[in-house]
Amino acid sequence: MTGAAPRRGQVLTTKVGLQMPTGMAYDEWERAGRQLAGVLDSSSWWLGDWLRYGKDHYTDRYQRGIQAVGLSYQTLRNYAWVARRFDFTRRRPTLSFQHHAELASMTVEDQDRWLDRAEQGQWTTRQLRGAIRAARQGGQLPRTPTEPSRRLEVPGSRVQWWHKAAEQLGVDFEQWVMTTLDSAAASALDDLAGQTRPVAVSA
């Protein structure tokens with residue numbers, strides 16, 4: 001019944017929030033949080049796979065579907081890019097979507113190696129990011145040969161704007177920048193490939 005108070009120990013989800021029962025035990029509250037976090041993490045994969053399917057099957061209409069969903073186009077593109085970088089069988093259910101996003105720009109071999117380490121060490125996303133940074137600084141994880149090691153001069157106002165966008169999405173700034181740029185590059189290359197495909201002409 002709409003507006004009814006939740007029974008003891010029961011958390012009711014609504015479109016605009018949660019209804020938490022009075023006198024809820026800590027263990028129940030913690031379990032509810034884990035379940036909510038699991039749904040949030042899974043939804044990133046779900047949306048990424050949903051967009052991939054639309055891109056592959058409804059090339060002429062999938063943008064209309066994105067508009068109907070009402071979510072940020074760039075956010076969905078980021079989800080789809082990470083989902084495309086990890087075949088379904090390679091995704092680790094014990095690790096979050098953000099763990100995978102941290103590794104999306106790497107080769108398959110490097111991805112699997114870092115996923116193994118993160119699983120075995122039960123690393124948080126921050127710990128995984130720190131381990132990758134330390135390995136790169138120590139020369140243990142070389143960047144891809146085509147990746148230039150250069151500094152990009154960017155106006156401070158624009159960096160602050162980007163920081164705000166990353167904070168709004170609740171993701172690490174560096175990871176957001178890398179994912180967004182990689183997604184944009186993949187999109188540009190996909191569009192270019194589409195333009196160069198031969199067009200069938202009926203006689």
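1. A salt bridge is taken here as a side-chain nitrogen of Lys or Arg within 4 Å of a carboxyl oxygen of Asp or Glu. The model is predicted: local features need pLDDT of at least 70, side-chain atom pairs count only at pLDDT 80 or more, and totals for chains, interfaces and linings use all residues. Residues are numbered from 1 along each chain as its sequence is written, and side-chain values use heavy atoms, with hydrogens and water left out.

2. The structure contains 10 salt bridges. One of them joins the side chains of R34 and E30, at 2.7 Å from N to O. Both residues belong to helix α1 (residues 26-57) and are 4 residues apart, about one turn of the helix. Helices here are DSSP runs (H or I, at least four residues), numbered from the N terminus. E30 is partly exposed, at 32% relative accessible area; the classes are buried (under 20%), exposed (over 50%) and partly exposed (in between), with a 1.4 Å probe and protein chains only.

3. R84 and D56 form another salt bridge, their closest N and O atoms lying 3.7 Å apart. Because R84 lies in helix α3 (residues 73-85) and D56 in helix α1, this pair ties together parts that are 28 residues apart in sequence. R84 is partly exposed, with a relative accessible area of 41%, and D56 is partly exposed as well, at 46%.

4. E119 and R92 meet through their side chains in a salt bridge of 2.8 Å, N to O. E119 is placed in helix α5 (residues 108-121) and R92 in the loop between α3 and α4 (97-103), so the contact ties together parts that are 27 residues apart in sequence. Are these two partners buried or partly exposed? E119 is partly exposed, at 30% relative accessible area, whereas R92 counts as buried, at 17%.

5. A network of salt bridges links D49, R52 and R91.

6. In soluble globular proteins, nonpolar side chains tend to be buried together.

How values were computed. Helix = DSSP H or I, 4+ residues; strand = E, 2+ residues; numbered from the N terminus.
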